[in-house]
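Open the model in your viewer and get ready to select residues. We will go stop by stop.

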Amino acid sequence: MPTSRRALAAAAFLSLVLPLSACGSGGDGGGSTDASGKVEGDITFQTWNLRANFKSYFEGLIADFEKKYPGTHVKWIDQPAEGYPDKISADAAGGTLPDVVNVSPDLVAPLAKAGMALDLDKAASTYRSEYLAGAWAGHQVPGMSGTYAFPWYLNTGPLFYNKSLFEKAGLDPAKPPKTYAELFADALQMAKKSDGTIATLANVPTIEDFGRYGVRLMNKEGTGFAFNDAKGVELLTRYKELYDAKALDPQALTATPESSGKKFLTGAVAMNPGSALDLDNFKKNAPSLYRNIGITDQITSTGHVNMYVMGVMVNSRTRHTPAAVAFAHFVTDAHHQMTFAKKVAIFPSTAGSLNDPYFTKQDGTDETRVRIAAARSLKTAVNYTPVLFSDQMKTALRNEVAKALQGKESPKQALDNAVNAADRLLQQG
C-alpha cells in the first residue's frame, strides 16, 4: 500500500484484479482447516507496503505474539504497492503464498474460489462476535458460503457541505440532505436559485451509489450483476435530471477527486467528500469556506453508509493452521487495531472500538471533527462494492453512465450495457 497518511487512509479504495486463472494448485497442499491445536511453528506474514512507515509497530507486534506463544516464529515480508496483486497471483500459482496475507476483498475472492483462502466461519467462528457485522461480511464472496479474511482496518468519509451556498438557495444549512430523495430535491432547488451556476455534486454515480440507493447489485448466486433493475434505472434517471438542470457539475463526466475538490474549494459545488486533511487545506486557502463548512454523513437511502475494508487472510494450505489463525486474529484484535488506528487515519473493525473516546470526544481540532463523524457512521456501515467488481467493470459502468447523462442512451440501455459488459468480464475471470 502507499505509505503516506492520505494514501494509507485511502488504501482500501483500491480495487485490483487478481485473475482466477492465475490461482493454480498452490503446490502440494497439506494444510488443515483445524485451528484448535497447539499454536506453534514458523509462519510467514505478508503486508502491503507498510514497512517504510510502520516498521517498529509491526516488529513490536510480532515480538509480542512470539512471547505470548513460545515455539512460534513469524517471518515478516512486506511487498511494494506496485504489482501487489500480480505478486499474490504468482505466489498462488507457484505454491509460495505466505501463511498470513494482507488483502482487500477483491483479492480474496479469486483465492477463495480457488480454495486457497481459509474459511474463517469454519476455522475461527469463535472470533466472529469480536468484529462489526458489516466488517466481518466484507470478505464474503457471492455464490460461496463462508468468510475468507479477518477484517482489519476500515475507512469511510463524511461529506463536506458549504452552509453559505445552502442558505443562499433557501435551504436550511443545519439540515443537509441525508437520503437521495432529499439530495435530489435540494440539488434541483440550488441549481434553480443560482440559475445553474452552483452544482450540488461534482461526481457521477458509482457502484457504491447504486448500493446506497438500495439497488440489488448482484444475483444471490454471484454469477451475474443486477444493477440494471428498475431501482437502478430510477437512480440514473434522477442523475440525468440533475445533469440537465446543472445541479450536477457539467464536468462531472471526467471529474477526478482533485478536480471535484477544487470545484468545492472555489464554491462552484456545494457538497464533496473529504478528510481532515481537506479541512486543513480549507483553513489555509479558503478561509471563507472554512468558516461555513458543514460535516454530514454520506448520502444513503438504506440507512447504511459505505465502508472500505482491508483484511488479513489465512492461507488454507498453511502447515501451521493454529499459529496462522492465532496470528491473523492477533493482528486484528481490538487492542492492536486501536493502537494502529492512533498511528494513522484509519478505523478499527472490532466491535465496541468505535465507542472509545478517541472516536467520540471532541477536542476542538479539525482532525477530530472528521474522525468522529466518520466513526459514528461506520458502526453500521456496509461494503457496497461487490468483491467481484473489477476496475474494468467500473470503467464500463462509468462510460455507460456518461452516455446516459449526455442523452446518447437511455438510462435503461446504459445500465443494460454496463451489466452485460460486467457479466462478460466476470465469466472471463
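A charge sits over a ring if NZ of Lys or CZ of Arg is within 6 Å of the ring centre and within 35 degrees of the ring normal. Keep in mind that this is a predicted model.

Select Arg51 and Trp76. The charged end of Arg51 sits over the Trp76 ring, 4.0 Å from its centre. Now select Lys342 and Tyr358. Here the charged end of Lys342 sits over the ring of Tyr358, at 5.5 Å from the ring centre.

Next, turn to rings that pair with rings. The structure holds 31 aromatic pairs. Pick Phe58 and Phe340. Their ring centres are 5.8 Å apart and their planes meet at 65°, so this pair is edge-to-face. Phe58 belongs to helix H2 (residues 51–68) and Phe340 to helix H15 (residues 334–341), so the pair ties together parts 282 residues apart in sequence. Both Phe58 and Phe340 are buried.

Ring pairs link Phe58 and Phe340 into a cluster whose members include Phe45, Phe54, Tyr57 and Trp76.

Move to Tyr131 and Trp136. How far apart are the centres of their rings? They are 5.6 Å apart, with planes at 35°, so the pair is tilted. Tyr131 and Trp136 are both buried.

Thr147 is in the loop between helix H6 (133–136) and strand S4 (150–155). Is Thr147 buried or exposed? Its relative accessibility is 0%, so Thr147 counts as buried. Leaving aside neighbours within four places in sequence, Thr147 is in contact with residues including Leu118, Asp119, His139 and Gln140.

How values were computed. Residues numbered from 1 in each chain as written. Predicted model: local features only at pLDDT ≥ 70, side-chain atom pairs only at ≥ 80, totals over all residues. Heavy atoms only, no water. Phe/Tyr/Trp six-rings, centres within 6.5 Å; stacked < 30°, edge-to-face > 60°. Helix = DSSP H or I, 4+ residues; strand = E, 2+ residues; numbered from the N terminus. Buried < 20%, exposed > 50% of the residue type's maximum accessible area, 1.4 Å probe, protein only. Contact = heavy atoms within 4.5 Å.
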